[in-house]
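Work through the exercises below with the sequence and the coordinates at hand. Each task is followed by a solution in steps.

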Amino acid sequence: MHIVLQLIPKKYLIGGTLILLGLSGLLIMSTIVAITGEFEKDSQQSEVTEIEGGGIGVGTANVSPEVMRYQPLLEKYAQKHGLDASYVPIMMALMMQESGGRGNDPMQSSESFCGSVGCISSPELSVDKGVLHFKSVLEKAHYDLKLCLQSYNFGGGFINYVMKNGGKYTPELAISFSQLQYQKVKHTGNYHCVRPEMVPYSACYGDAKYVDAVLKYYTGTITADGKPAAPASGGSGGKSGVKVIDAGKTLIGKTRYVFGGGRSQSDINAGRFDCSSFVRWAFEQVGMNVGPMSGVTTDTLKTQGQAINPTDMKPGDVVFFDTYKKDGHVGIYVGNNQFLGCQGKTGVAIASMAKGTYFGERFNGRVKRF
């Protein structure tokens, strides 16, 4: 072999080597394109400046990406401290009001933990102690959620004040408590009204409108026992689910998968979608808003609605798959181990998620009912 190589002119050896390298490069590039074409771009996640959704169980939190990243920790410590998971969206809304998810103490739990501001410098410790404090205040407030929220701002003294004045939170009690406490501390010069509208009332202790400030980041209702509840609707399962599927089926054979497609009306008119934009579009057709057109992703969709056990799936439920990343692909369950989604090779189509199939092996058990 060595002798044969010596007989071949050097220029031909070099040329042949370059051709082989070029063909190898093309093969690698084609493989990468084929794989990534199935799914959404990671880079698109960084373009989202506002994420709608953000809760498990019931209700949703409309918060920033900085707060959204703490959802797993809030879920973790809610479970650790025995707090019902339905309170996670409320705590995300609370964090949004407290810090916007920024800093080393995103839940501003230093005072409740050690009695002074700034003693917590670990975000995870802040979440741990913040969830524990939230649960403690909630129990002392007898599960009056609004009383719990206002007491998170005012301190435990507000609960005692309310219990002596009717036993239930009212905005008027929040203002009168702030007035009383301000009279005790205004001589220090350390307190001022955080809201101009409270100046005429001299209600400058804490934030007397803290409940409203938190709840503006939460979409849902509050039940008589103080638990958050989803907005009244039929949900995506059952008859409403069939309507979503019927709407989605109208695009079968009329679309193609495009990176970041479906986030403008021109894309939609031209039939350009990816998996999450298609799901958003289908729900929009039946009057359900599950996120803004320009910012929808698998990560925003997975935080919405109610978590469903996979054994209880109904047509219209939203299912997730671990593909190029965790929850990298999403579709709408249609029954019989099939889902409707926008895939790379087919565009909008019905695909199998039965065991042994591509998506069946990647279904991660996450099911949400909008």
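**Exercise 1.** State how much space lies in the largest cavity of this predicted model, and find which residues line the largest cavity.

*Solution.* Step 1: the space in the largest cavity comes to about 30 Å³. Step 3: the lining consists of His192, Cys193, Val194, Arg195, Met198, Ala203, Cys204, Gly206, Asp207 and Ala208. Step 4: sort this lining by residue class, with Gly counted as polar; the result is six nonpolar, two polar and two charged residues.

**Exercise 2.** Give the volume of the largest pocket and describe its lining.

*Solution.* Step 1: the volume of the largest pocket is about 690 Å³. Step 2: its lining holds 24 residues, and those nearest the centre are Glu98, Gln108, Glu111, Tyr152 and Asn153. Step 3: α5 (88-98), α6 (110-114) and α8 (145-154) each give two or more residues to this lining. Step 4: α8 has the largest share, with four residues. Step 5: by class, the lining of the pocket splits into twelve polar, eight nonpolar and four charged residues.

**Exercise 3.** Is α5 mostly covered or mostly open, and what follows the helix?

*Solution.* Step 1: apply the cut-off for buried, under 20% relative accessible area. Step 2: nine of the eleven residues of α5 are buried, so by this definition α5 is mostly covered. Step 3: the buried residues are Val88, Pro89, Ile90, Met91, Met92, Ala93, Leu94, Met95 and Met96. Step 4: after α5 comes glycine 100, with a positive phi near 65°.

How values were computed: Residues are numbered from 1 along each chain as its sequence is written. This is a predicted model: local features need pLDDT of at least 70, side-chain atom pairs count only at pLDDT 80 or more; totals for chains, interfaces and linings use all residues. Side-chain values use heavy atoms; hydrogens and water are left out. On a 1 Å grid over the protein atoms alone, a cavity is a set of points where a 1.4 Å probe fits but cannot get out, and a pocket is an open set with protein on both sides within 12 Å along at least five of seven lines; lining residues have an atom within 4 Å of a point. Grid points are joined across faces, edges and corners, and a volume is the space filled by probe spheres set on the points. Buried means under 20% relative accessible area, exposed over 50%, partly exposed in between (1.4 Å probe, protein chains only).
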